[in-house]
Amino acid sequence: MASLCLLGENGATIERWELNDEPLAVGRDSTANIVIDDPTLSRRHFLIVHESGGYLIKDLKSQNGTWVDGERAQVNRLRHHDCILAGRTLFMFSERQPETASKVKAPVLPPARDNPSRLRPNGT
């Protein structure tokens with residue numbers, strides 16, 4: 001499951017949106033899926049799309065550009081914990097991998113009465 005987080009000035013998450021197969025537009029206009037009150041954002045600043053098993057960010061010809069981890073982005077594949085700067089607004093992309101059950105089994109110890117070393121510290 002992937003998400004886009006809006007970060008505050010102190011780096012704390014202010015808001016979080018779950019991403020799915022639908023494109024997600026971010027900007028300051030009401031036509032964007034995520035509307036941010038930042039005059040330095042374009043009306044529709046960037047788009048996040050699900051493609052080929054991952055997510056891409058596409059700058060929508062914004063005036064101030066879209067930056068991913070300090071690099072100007074046009075079309076970039078997003079990676080877990082990428083920081084996105086659009087205008088003066090900072091976002092973080094997060095992608096959690098599905099958890100799988102561990103195949104390593106814990107060793108089975110005999111009951112304490114059959115194993116005297118488990119009854120006393122250091123086997124004494």
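**Note on the six-stranded sheet and two surface sites**

1. Six strands form an open sheet in the order E2-E1-E11-E10-E7-E8, with antiparallel pairing; strands (E, at least two residues) are DSSP runs numbered from the N terminus, and two strands pair if DSSP finds at least two bridges between them. E2 and strand E8 (71-73) stand at the edges with a single partner strand each, so one side of each lacks a neighbour in the sheet. From one strand to the next, the twist averages 30°, with angles running from 0 to 180 degrees between N-to-C directions of axes fitted to C-alpha atoms.

2. The model is predicted: local features need pLDDT of at least 70, side-chain atom pairs count only at pLDDT 80 or more, and totals for chains, interfaces and linings use all residues. Residues are numbered from 1 along each chain as its sequence is written, and side-chain values use heavy atoms, with hydrogens and water left out.

3. Six bridges join E1 and E2 in the antiparallel sense. Serine 3 stands opposite glutamate 18 in E2.

4. The loop between strand E1 (2-7) and strand E2 (13-19) holds alanine 12. With a relative accessible area of 37%, alanine 12 is partly exposed, a class between buried (under 20%) and exposed (over 50%), using a 1.4 Å probe and protein chains only. Leaving aside residues up to four places away in sequence, alanine 12 touches Leu6 and Leu7; contact means heavy atoms within 4.5 Å.

5. Strand E7 (residues 66-68) contains tryptophan 67, which is partly exposed at a relative accessible area of 31%.

Technical notes. Helices (H or I, at least four residues) and strands (E, at least two) are DSSP runs, numbered from the N terminus.
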